[in-house]
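Q: I'm new to this one. Can you walk me through the structure?

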Amino acid sequence: MTAFFDDIEVGDTLDLGAHTFTREEIIRFAEKYDPQAFHLSEEGAARTHFGRLCASGWHTAAVFMKLWVAACKTLDDAERAAGRTPARLGPSPGFEDLKWIKPVYAGDTLRYRHVVTGKTESRSRPEWGLVHFDMSAVNQDGRLAFSFKGTVFVERRKS
């Protein structure tokens with residue numbers, strides 16, 4: 001995450017990048033983790049309310065995690081290259097309000113974004129703080145497709 005809890009500000013925004021969902025990867029993910037007809041084939045999807053092949057919501061969430069980890073690594077590497085020690089991330093105590101708002105069809109591109117919405121000092125772990133954020137993904141038309149509210153422990157600066 002790079003920034004220490006003490007340095008993070010409400011409103012800080014991180015563009016996590018974009019991902020295009022291909023037919024092949026949608027099917028591959030679905031075969032392993034979410035084998036519903038509308039994720040497995042065009043023919044199966046055509047017989048459902050979606051009408052065509054679409055990605056599993058869990059697939060869109062997994063892509064968020066991949067992009068989040070990659071963005072944090074890039075920021076941490078930049079801190080190390082500048083001779084600084086990046087802050088450590090701790091576990092996440094969870095998330096809430098997960099929404100799959102718009103289907104993600106084969107060929108759609110989602111752009112993911114992370115916005116800090118609040119901070120809470122940890123009473124039980126004074127060397128850590130909790131950072132609250134909204135995560136969203138919009139499709140190539142700028143329409144919101146996926147979102148959730150998350151929280152993660154972030155290391156505080158040593159006194």
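A: Let's start with a term. Helices and strands here are DSSP runs, numbered from the N terminus, and a strand has at least two residues. Phe 148 lies in one of them, strand β5. Keep in mind that this is a predicted model.

Q: Is Phe 148 buried or exposed, and why?
A: Phe 148 counts as buried because its relative accessibility is 9%, and buried means under 20%.

Q: What does Phe 148 touch, leaving aside its neighbours within four places in sequence?
A: Its contacts are Phe 64, Phe 95, Glu 96, Asp 97, Leu 98, Phe 133, Asp 134 and Met 135.

Q: What separates the C-alpha atoms of Phe 148 and His 59?
A: A distance of 14 Å. Along the chain, Phe 148 and His 59 are 89 residues apart.

Q: Back to Phe 64. Which residues does that one touch?
A: Not counting residues up to four places away in sequence, Phe 64 touches Leu 16, Tyr 112, Phe 133, Met 135, Phe 146 and Phe 148.

Q: Switching topic. How many residues are in the largest nonpolar core?
A: There are 30. Phe 21, Phe 64, Tyr 112 and Phe 146 touch the most other members.

Q: Now pockets. What volume does the largest pocket have?
A: About 260 Å³.

Q: What lines the largest pocket?
A: 16 residues do. Nearest its centre lie Phe 64, Met 65, Phe 95, Phe 133 and Phe 148. The elements giving two or more residues to that lining are α4, β2 (94-100) and β5.

Q: How do the residues of that lining divide?
A: Into 11 nonpolar and 5 polar, with no charged residues.

Q: And the second largest pocket, how much space lies in there?
A: About 210 Å³. The second largest pocket is lined by 17 residues. Closest to its centre are Phe 50, Ala 55, Ser 56, Gly 57 and Trp 100.

Q: Which element gives the most to the lining of the second largest pocket?
A: That is α4, with 3 residues. Both α2 (37-40) and α4 supply at least two.

Q: How do the residues of this second lining divide?
A: The lining of the second largest pocket has 10 nonpolar, 5 polar and 2 charged residues.

Conventions. Residues numbered from 1 in each chain as written. Predicted model: local features only at pLDDT ≥ 70, side-chain atom pairs only at ≥ 80, totals over all residues. Heavy atoms only, no water. Core = buried A, V, L, I, M, F, W, Y, C linked by side-chain atoms within 4.5 Å. Buried < 20%, exposed > 50% of the residue type's maximum accessible area, 1.4 Å probe, protein only. Contact = heavy atoms within 4.5 Å. Helix = DSSP H or I, 4+ residues; strand = E, 2+ residues; numbered from the N terminus. 1 Å grid on protein atoms, 1.4 Å probe; cavity = no way out; pocket = protein on both sides within 12 Å on 5 of 7 lines; lining within 4 Å. Points joined across faces, edges and corners; volume = space filled by probe spheres on them. Nonpolar A, V, L, I, M, F, W, Y, C, P; charged D, E, K, R; others polar.
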